[in-house]
Amino acid sequence: MSSCFLRVMLFALCALWNLPELVLAKHAGITRHYNFDIKLQKVTRLCQTKSIVTVNGQFPGPRIIAREGDRVLIKVVNNVQNNITIHWHGIRQLRSGWADGPAYVTQCPIQTGQSYVYNFTITGQRGTLFWHAHISWLRATLYGPLVILPKRGVPYPFPQPFKEVPIIFGEWWKADTETMINQAMQTGGAPNVSDAYTINGLPGPLYNCSAKDTFRLKVKPGKTYLLRLINAALNDELFFSIANHTVTVVEVDAVYVKPFKTNTLVITPGQTTNILLKTKSHSPNATFLMAARSYATGPAAFDNSTTAGILEYEHMSSMSNTKNKRPSVHRPALPTFNDTLFAMSFSKKLRSLATTKFPAKVPQTVSRRFFFTVGLGLIQCSRNQACPGPNNTMVAAAINNVSFVQPSTALLQAHFFGKSKGVYTTDFPANPPFKFNYTGTPPSNILVNSGTKVVVLPFNTRVELVLQDTSIIGAESHPLHLHGFNFHVVGQGFGNFDPKKDPSNFNLVDPIERNTVGVPSGGWVAIRFRADNPGVWFMHCHLEVHTSWGLKMAWVVMDGKRPNQKLPPPPADLPKC
Ligand code: C2O
């Protein structure tokens, strides 16, 4: 029987049941099982041993590898004193919002001694993503790569690499991060900046007492390597470069892009980037550092250190022996820490493939428009608090002047069972409460309000959202992450968004599609997405300190009319609060 005939039959069957073909086709994948045993593990970095929360005692955590179309079941067993949730960052979770993971948004946390099985199917996605804890600051040590290979037999739209290597950036504190953030939240002070950045859990040779904790990538000459870069750092966007090597960017956030060459990349927390590294045709008598350090634009202190791994060619040592010369070490030149122009020009190079196989499905028309200011402000502390800011205030972060308050029960359950009263309100503002020069001199009143507010969207709403940075405390780049969707970045610029002029320059042809975008420091970015996934979807700054301070909100996407447009009921083992 020809496959064409089968497809016609399948199509007829689907038409009969009023189901998209996709729903049946997705069962082509297999089911993969993982066990995540959450436990403490002693780890030594920078000459100091501390006990950290890990998955299966591993740091960074285990890799999840699946293919497009597969179903993934991860049983998470909590053996530590902390409450735990895990988020599969960038997975669309089509009609499986119960498996998304943000604490008190889609689920109550898994308590000590309890377990929960995350159950989702990977539909229409392939590339690099990652998983991380999504409660408090536990993702400081609970994170790992999530690699989605194309369906069996389907090639990449770029040369088949000789080898694939995940490179996951992290951030390391000598202190206990849970104690640190809990204290900071109580006193209203800022938490300490990290002591090191890491590559695959290792700070590398540029820190004291760290040379042996260096990631080494041994390569053969004349080969192409696919490096799967992931920024799992908590609070820092990063510049990354490999000395004396040019790389080709081929994918971001598990979406293929039009390939382009570069020496240096920008990658924000929550973003992933696949690059092709073509090694030199002959082993040079040298090693090359691959280094990352902060791209920092805000007024606050930041970790100004540099993590490095070593790229070394096979047979180099034997060759250097014959020449009797020590190999030289090359260091890459990275932009200065606040090079916003570089960050903007890099992000403007990213374009969707926009081919028949990989079309850019950007909504050409819009049904609802939103304009959100994002940034820091001050919040009034209660009388029994002693806060460090002027007139007993502390720093808060807000979207449209609302600093989001985490509820004590999960939003998704409240929504699904019609019990939202007392949990959230549906009056999240579509526009800022008052207009001002967002990127100019701050207004006289910089106090923000707090609340648990959401935006409700009918199924299939075509959303346009402009995210506008504010300079109230200081202009700063904010990597905004949306759960449950990819969006298209249709425009960006510096200064204040101009609703009359700027939309005429929007790219509706091949805009990049992704799940996390940097709102330019002192600028704006416009995104579009189709609300075709029923559930409650978190959106927040992926700088964890800003999330703690309230730079977050949620979208409630209603069910559609058809059976396959509705969110199924929760699994029986969904944790209770
Ligand atoms: Cu990577 Cu809401 O998270």
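This is a short chat about a predicted model of one protein chain.

User: What should I know about the model before I start?
Analyst: It is a predicted model, in which local features need pLDDT of at least 70 and side-chain atom pairs count only at pLDDT 80 or more, while totals for chains, interfaces and linings use all residues. Residues are numbered from 1 along each chain as its sequence is written, and side-chain values use heavy atoms, with hydrogens and water left out.

User: How many helices and strands are in the chain?
Analyst: The chain has seven helices and 33 strands. Both are DSSP runs numbered from the N terminus: helices are H or I with at least four residues, strands are E with at least two.

User: And how compact is the chain?
Analyst: Its radius of gyration is 24 Å, close to the 25 Å from the globule rule for 577 residues, so the chain is as compact as a globular protein of that length. The radius is taken over C-alpha atoms, and the rule is 2.2 Å times the number of residues to the power 0.38. Along the principal axes, the C-alpha atoms fill a box of roughly 75 × 75 × 55 Å.

User: What share of the residues is buried?
Analyst: Buried residues make up 59% of the 577. Buried means under 20% relative accessible area, exposed means over 50%, and partly exposed is in between (1.4 Å probe, protein chains only).

User: Which residues have the most contacts inside the largest nonpolar core?
Analyst: They are Leu-227, Phe-372 and Trp-555, in a core of 96 residues. Strand β18 (residues 286-295) gives the most to this core, with seven residues. A second, separate core has 47 residues, among them Trp-88 and Val-536. A nonpolar core is a set of buried Ala, Val, Leu, Ile, Met, Phe, Trp, Tyr and Cys residues joined through side-chain atoms within 4.5 Å.

User: Why would nonpolar side chains be buried together?
Analyst: In soluble globular proteins, that is what they tend to do.

User: What does Trp-555 touch?
Analyst: Leaving out residues up to four places away in sequence, Trp-555 touches residues including Phe-370, Phe-372, Leu-457, Phe-529 and Trp-537.

User: Switching to helix α5. Which of its residues are buried?
Analyst: In α5 (residues 340-348), they are Thr-340, Ala-343, Met-344 and Phe-346. These residues cover an arc of only 165° around the axis, which puts them on the same side of α5. The arc is that of the directions from the helix axis to the C-beta atoms.

User: What do they pack against?
Analyst: The buried residues of α5 pack against β14 (247-252), β15 (255-262), β16 (264-267), β18 and β28 (487-494).

User: Now Gln-93. Buried or exposed?
Analyst: Gln-93 counts as buried, at 1% relative accessibility. It sits in the loop between β5 (86-89) and β6 (115-121). Its side chain makes a polar contact with the side chain of Ser-96 at 2.7 Å. A polar contact is a pair of N or O atoms within 3.5 Å; within protein, one must be able to donate a hydrogen and the other to accept it, and residues adjacent in sequence count only if both atoms are side-chain atoms.

User: Where is Thr-214?
Analyst: Thr-214 is in the loop between β10 (196-199) and β11 (216-219). Thr-214 is buried, with a relative accessible area of 9%. A polar atom of its side chain lies 2.6 Å from the backbone oxygen of Ala-211.

User: How exposed are Cys-47 and Asn-392?
Analyst: Cys-47 counts as exposed at 56% relative accessibility, while Asn-392 is partly exposed at 24% relative accessible area. Cys-47 lies in the loop between β1 (31-45) and β2, and Asn-392 in the loop between β21 (368-380) and β22 (393-399).

Technical notes. Contact = heavy atoms within 4.5 Å.
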